[in-house]
Amino acid sequence: MSRLKTVLVLCTGNSCRSQMGEAILNHELAGLARALSAGTAPQPKVADGAIEALRLAGLPTDDLYPKQVEAVMREDIDLVVSVCDNARESCPIFPRPVKRIHVGFHDPHGEPLDSFIRVRDDIRARLVPAVREALGL
């Protein structure tokens with residue numbers, strides 16, 4: 001049996017888009033891939049709007065917390081997906097060659113819940129197929 005492919009969803013604050021990406025990918029690609037998220041400059045907590053948008057979609061949020069990208073550098077990562085322009089520009093160098101793609105999303109931080117829901121739905125619509133294609137799933 002082959003191991004699951006590992007996807008790192010990278011953002012700056014790791015408090016919103018990357019966290020929603022992690023939860024959505026883990027749900028949509030269960031049994032095929034596992035997703036992690038991290039930030040280049042993580043915030044102290046996951047945005048309340050991101051948590052609520054995920055809960056409204058029936059997705060688990062208990063294991064979500066902001067992480068510094070260095071915390072996942074030793075993981076056997078198959079794909080790095082940057083979801084914000086800043087993270088794309090400042091993406092760190094990994095210990096081994098890793099495929100990278102960029103799929104940018106609007107930052108709803110500080111906006112009403114409906115903005116988080118729109119971003120959540122956009123992540124589901126565009127990130128999942130992009131990761132499937134990049135990993136050949």
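1. Helices (H or I, at least four residues) and strands (E, at least two) are DSSP runs, numbered from the N terminus. With these labels, Lys67 sits in the loop between H2 and strand E3 (79-82).

2. A word on the source. The model is predicted: local features need pLDDT of at least 70, side-chain atom pairs count only at pLDDT 80 or more, and totals for chains, interfaces and linings use all residues. Residues are numbered from 1 along each chain as its sequence is written, and side-chain values use heavy atoms, with hydrogens and water left out.

3. Stay with Lys67. Is Lys67 buried or exposed? Lys67 counts as buried, at 10% relative accessibility. Buried means under 20% relative accessible area, exposed over 50%, and partly exposed in between (1.4 Å probe, protein chains only). Beyond its neighbours within four places in sequence, Lys67 is in contact with Asn14, Gln19, Glu22, Ser37, Ala38, Gly39 and Pro42. Contact means heavy atoms within 4.5 Å.

4. Next, Asn14. This residue is in the loop between E1 and H1. Asn14 is buried, with a relative accessible area of 0%. Its phi is positive, about 50°, although Asn14 is not a glycine. Most residues other than glycine have a negative phi.

5. Ser15 is in the loop between strand E1 (5-11) and H1. Ser15 is buried too, at a relative accessible area of 6%. Which residues does Ser15 touch, leaving aside its neighbours within four places in sequence? Ser15 is in contact with Gln43, Lys45, Val46, Ala47, Ala50 and His109.

6. Now look at helix H2 (residues 48-56). Gly49, Ala50, Ile51, Ala53 and Leu54 are buried there. Their cover includes H1 and helix H4 (113-135). After H2 comes Gly58, with a positive phi near 75°.

7. Phe116 lies in helix H4. Phe116 counts as buried, at 4% relative accessibility. Leaving aside neighbours within four places in sequence, its contacts include Gly49, Ala50 and Ala53, which are among the buried residues of H2. Cys16, Met20 and His109 are also among the contacts of Phe116. The C-alpha atoms of Phe116 and Gly58 are separated by 15 Å, and the two are 58 residues apart along the chain.

8. Leu4 lies in the segment before E1. Leu4 is partly exposed, with a relative accessible area of 36%. Apart from neighbours within four places in sequence, Leu4 is in contact with Gly31, Leu32, Ala33, Arg34 and Asp78.

9. Finally, the largest pocket. A pocket is an open set of points on a 1 Å grid over the protein atoms alone, where a 1.4 Å probe fits, with protein on both sides within 12 Å along at least five of seven lines; lining residues have an atom within 4 Å of a point. The largest pocket is lined by 13 residues, and Glu22, Asn26, Pro60, Asp63 and Leu64 lie nearest its centre. Helix H1 (residues 17-28) gives the most to this lining, with four residues.
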